[in-house]
Amino acid sequence: MVASYDDLISLTIGQPDFPTPRHVKKAGIQAIEENFTSYTHNAGTLELRHAACDFVKKKYGLHYQPDSEVIVTVGASEAIDIAFRTILTEGTEVILPGPIYPGYEPIIQMCGAIPIHIDIRKNQFRFTLEMIKPYITEKTRCIVLPYPSNPTGVSLTEAELKEIASFLKDRDIFILADEIYSELTYGQVHTSIASFLKEKTIVINGLSKSHSMTGWRIGFLFAPVNITKHILKVHQYNVSCANSIAQKAAYEALTTGIDDALLMKKEYERRRDYVYHRLLSMDLEVIKPDGAFYFFVKIPTTITLNSFDFALDLVQEAKVAVVPGSAFSVFGEGYFRLSFACSQETLETGLNRINKYLISKK
Ligand SMILES: Cc1ncc(COP(=O)(O)O)c(C=O)c1O
């Protein structure tokens, strides 16, 4: 439906609007020219695994062994899939905050496990130990901590993460820490829960968001060797290895391009401040994102539509597309996601149209 409108402004986009850095693209081209086109080691090339471990050590103080504690995956998506398929069995439970990125729930269900979403809407989208505790049962196998969050932009503080880590320390529960937006944090350095509880944590990361490489499909999974050695079997029989050419480009991104995200981040931060100011001036209830490139905005009470119908109405009446909150679990209802991974001009026009629409509904 959205595609049938000519002059529609789309604020739905879930990927960076920058091109992949030039030097990274060149490394990919060179890999093809030099016939680096065969299978690699199942876990990825050793040089890339070294670069990935150096990256998370330098950036987040995490310590992983390149030969045994990291797997190069087909995007963060595959890392999520193989992690769940290794640790979940029929009837086990996974605790997740809601609203949340929709990529976990179906995989948990395909494993025969049960997703247990916890409503974080009333707590400024913060997921706390106190909220988690009542849902822990003998069936709980994993807790998902996806920070910075898509769709809310919220990151947990070091103190909040430490509290969760110390509670889980002596329990047989894994943490799946999806940190794909870790390079896009505004005003604070990203903290990984793995720095407090490495032995229970599976860290997911990748180059899709940090280096604007969504189509190259390179992700990383970091975990202690006793976990990784089993996950590697699922990965191996699933995809053999990640794309060899993309692995060469990824090596360039994580070495020469180690700080490539900084320039993009500066621009995202400027846009975030602009959009925040505009949304507040429309009297919309919104939380300033700590990271990623989304606002999760409350639909005003004057509008009685559910989030899906609201999004449809906004397309039809204002020619602006946003993502309905209900796409992010049942606890996304009542909200919409607005992405600022688009140009200033697109943002300005889109926000002007939303403003006009809201005034017409008062
Ligand atoms: C929270 C989160 N995790 C994982 C992914 C998937 O990343 P990839 O493109 O590397 O598979 C996304 C993509 O939007 C995401 O938002």
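The lining of the second largest cavity holds eight nonpolar, two polar and no charged residues. (Ala, Val, Leu, Ile, Met, Phe, Trp, Tyr, Cys and Pro count as nonpolar, Asp, Glu, Lys and Arg as charged, and the others, Gly among them, as polar.) This is a predicted model: local features need pLDDT of at least 70, side-chain atom pairs count only at pLDDT 80 or more, and totals for chains, interfaces and linings use all residues. Residues are numbered from 1 along each chain as its sequence is written, and side-chain values use heavy atoms, with hydrogens and water left out.

**Cavities**

- The whole structure has two cavities of 30 Å³ or more. A cavity is a set of points on a 1 Å grid over the protein atoms alone where a 1.4 Å probe fits but cannot get out; lining residues have an atom within 4 Å of a point. Volume is the space filled by probe spheres set on the points, which are joined across faces, edges and corners.
- The largest cavity has a volume of about 70 Å³.
- Its lining counts 13 residues, and Phe-55, Asn-205, Gly-206, Phe-220 and Leu-254 lie nearest the centre.
- Helix H2 (46-60), strand S7 and strand S8 (219-222) each give two or more residues to that lining. Helices (H or I, at least four residues) and strands (E, at least two) are DSSP runs, numbered from the N terminus.
- H2 supplies the largest share of the lining of the largest cavity, four residues.
- By class, the largest cavity is lined by eight nonpolar, four polar and one charged residues.
- The second largest cavity holds about 40 Å³ of space.
- Residues lining the second largest cavity include Pro-97, Pro-99, Phe-125, Pro-146 and Tyr-147.

**Ile-193**

- Ile-193 sits in the loop between strand S6 (174-178) and strand S7 (201-206).
- Ile-193 counts as buried because its relative accessibility is 1%. Buried means under 20% relative accessible area (1.4 Å probe, protein chains only).
- Beyond neighbours within four places in sequence, Ile-193 contacts Leu-145, Leu-161, Ile-164, Ala-165, Ile-175, Ala-177, Glu-179 and Thr-201. Contact means heavy atoms within 4.5 Å.
- Thr-157 is 36 residues away along the chain, with 9.9 Å between its C-alpha atom and that of Ile-193.

**Cysteines**

- The whole structure has zero disulfides. The cut-off is a pair of cysteine sulfur atoms within 2.5 Å.
- Cys-241 has its closest cysteine sulfur in Cys-53, 18 Å away, so the gap is too far for a bond.
- Cys-241 is buried at 12% relative accessible area.
- Cys-342 is also buried, at 7%.

Terms used
Buried < 20%, exposed > 50% of the residue type's maximum accessible area, 1.4 Å probe, protein only. 1 Å grid on protein atoms, 1.4 Å probe; cavity = no way out; pocket = protein on both sides within 12 Å on 5 of 7 lines; lining within 4 Å.
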